[in-house]
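Please keep the sequence and the model in view while working through the points below.

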Amino acid sequence: MSPGENLDNVDRGRRRFDLAIIGGGIVGLATAHAITRDRPGTSVVIIEKESDLAAHQTGRNSGVIHSGIYYKPGSLKAQMCKQGRDSMVDFCRTHDIAHELCGKLIVATKESELPGLQKLYDRGVENGLDVSMIDPGQAHEIEPHVACVKAVLVPSTGIADYVAVARTYARLALQQGAELRLGTQVTKITAPATSGGVTRIETNRGDIEATWLVNCAGLHSDRMAKAAGADPTAKIVPFRGEYYELTPGRRHLVNTLIYPVPNPDFPFLGVHLTKMIDGSVHAGPNAVLALAREGYHKTDVNLSDLKEVLAYSGFHKLARKYWADGAKEVLRSLSKRQFVRSLQELVPEITAEDVVPSEAGIRAQALLADGALVDDFLIDDQPGATHVLNAPSPAATASLEIGQEIAARVATQLSAALAG
Ligand SMILES: Cc1cc2nc3c(=O)[nH]c(=O)nc-3n(C[C@H](O)[C@H](O)[C@H](O)COP(=O)(O)OP(=O)(O)OC[C@H]3O[C@@H](n4cnc5c(N)ncnc54)[C@H](O)[C@@H]3O)c2cc1C
């Protein structure tokens, strides 16, 4: 089976497993791959509500193998992204998955952005990366059309086909005996009061029992955690990221990846220009509140999703603090002219005629009740379950490391449960 092929259901009629994983995105599948590789013989089922894998964040991202320059030294993101970048490149090489180490430029387009650029450079050095501060002449050798007063060059950044990566994780896990239930939505979870009991998972296609549950439900991870009796400290708020793409005749304006200096208050990296693995060039994503957790179009509204966000004290606090930034994002979402202006700051030659709308993605971003966006990855162990409560970018890059970390926790829990 090649990485690009669809994977079908594997259902041997079994109802009781050592481990049930909710979510057929890159994190759930990396976990299935890691546990079946490191603990052969563990019975594993992957439960995915869609009819195919990688239908949400994993299949709708920028496709960047991040280097780890942005993240707070010592954080899970910083450690797992740096290691994950290397393991992702090895994994793509080993399994013949399309990827390219094209490097990236982070550009300061005005003098006022230089302190922010310097901070990023310093952080890159602190995170142990090979980064260099370059002048406009050097930047133009890489990107002849870019506007900049100075730039940070990050040669270790790349691009990959993450859908193929996710499918390959699934294929490897299935080869090791894991089962896959596509089109199967988890509707209710009854967790044991203490570790060692059995978790009952109700789905639209019958019940499943498991000694341990791993919740990698992305945009629904907080709800799944709550359903399993946990009390997640943060709620998922969906931020839609809209993209345009350059028309084929204008792709030559971008050779690699061009990023702005990001706003340090937000976990998002700012609208950037990204060469994709299929040769197209994507521009985006912005970050607007989605009116539905899976609302990929501006007009998609889910009243219960929306009510939940609007009733949340954390959202009120976030909105009060950042209403002006939020309003700018909404304006840029509604006006192609505004979006193109952001792109012109990076590459002035881009015009409105050069870009056409492309598919949007939605980030599952955990928000605390005090209005703070959770910056780091958040993985929480509860009796009978491990919940991935915040796995935003660079979780695709770091997926092998995240999967391995969860698999190690699960192995310990399963050993204890089986011994008990
Ligand atoms: C716009 C955008 C750009 C990004 N760019 C990058 C990038 O360039 N590089 C990078 O490293 N990362 C990037 N990311 C982040 C990366 O894509 C995500 O961190 C990663 O895909 C998260 O994977 P996941 O498995 O946790 O979630 P998902 O891929 O969302 O998977 C969760 C799965 O759970 C399933 N599910 C949910 N509820 C249920 C239920 N009740 N029953 C059964 N199944 C259920 C869903 O259907 C879904 O398939 C980006 C993300 C976005 C949105």
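**Briefing on selected residues, a helix and the ligand site**

H387 is placed in strand β20, which spans residues 385–390. The model discussed here is a predicted one.

- Apart from neighbours within four places in sequence, the residues in contact with H387 are N215, M224, A225, A228, A230, L378, I379, D380 and Q382.

- Which residues of α7 are buried? They are D305, L306 and V309.
- Viewed down the axis of α7, the buried residues fall within an arc of 95 degrees, so they line one face of the helix.
- An α-helix has 3.6 residues a turn, and residues three or four places apart therefore point the same way.
- L303 and K307, by contrast, are exposed and lie on the other side of α7.
- The cover over the buried residues of α7 includes the helices α6 (221–227) and α8 (313–334). It also includes the strands β13 (234–246) and β17 (288–289).
- The N-terminal end of α7 is capped by N302. In this cap, a side-chain oxygen lies 3.0 Å from the backbone nitrogen of S304.

- L306 is buried because its relative accessibility is 18%, and the term requires a value under 20%.
- When residues up to four places away in sequence are not counted, L306 touches L291 and V301.
- How far apart are the C-alpha atoms of L306 and L129? The separation is 41 Å, and the two residues are 177 residues apart along the chain.

**H56 in a loop**

- H56 belongs to the loop between strands β2 (44–47) and β3 (64–65).
- Is H56 buried or exposed? H56 counts as buried, because its relative accessibility of 18% is under the 20% cut-off.
- The side chain of H56 takes part in a polar contact of 2.8 Å with the side chain of E50.
- A polar contact of 2.6 Å also joins the side chain of H56 to the side chain of Y296.
- Leaving out residues up to four places away in sequence, H56 touches K49, E50, E294 and Y296.

**The surroundings of the ligand**

- There are 37 residues around the ligand, and those that come nearest are E48, T58, V64, A391 and T397.
- By class, this shell consists of 16 nonpolar, 16 polar and five charged residues.
- For E48, a polar side-chain atom lies 2.6 Å from an oxygen atom of the ligand.
- For N61, an N or O atom in the side chain is 2.9 Å from an oxygen atom of the ligand.
- For P392, a backbone N or O atom is placed 3.4 Å from an oxygen atom of the ligand.
- On its own, the ligand has 1000 Å² of accessible area, and the protein covers 97% of this area.
- The elements that contribute two or more residues to the shell are helix α1 (26–38) and strand β18 (355–368).

Definitions and conventions
Residues are numbered from 1 along each chain as its sequence is written. This is a predicted model: local features need pLDDT of at least 70, side-chain atom pairs count only at pLDDT 80 or more; totals for chains, interfaces and linings use all residues. Side-chain values use heavy atoms; hydrogens and water are left out. Buried means under 20% relative accessible area, exposed over 50%, partly exposed in between (1.4 Å probe, protein chains only). Contact means heavy atoms within 4.5 Å. Helices (H or I, at least four residues) and strands (E, at least two) are DSSP runs, numbered from the N terminus. The arc is that of the directions from the helix axis to the C-beta atoms. A polar contact is a pair of N or O atoms within 3.5 Å; within protein, one must be able to donate a hydrogen and the other to accept it, and residues adjacent in sequence count only if both atoms are side-chain atoms. A residue is near a molecule or strand if one of its heavy atoms lies within 4 Å of it. Accessible areas come from the Shrake-Rupley method with a 1.4 Å probe; for residues, only the protein chains shown count as cover. Ala, Val, Leu, Ile, Met, Phe, Trp, Tyr, Cys and Pro count as nonpolar, Asp, Glu, Lys and Arg as charged, and the others, Gly among them, as polar.
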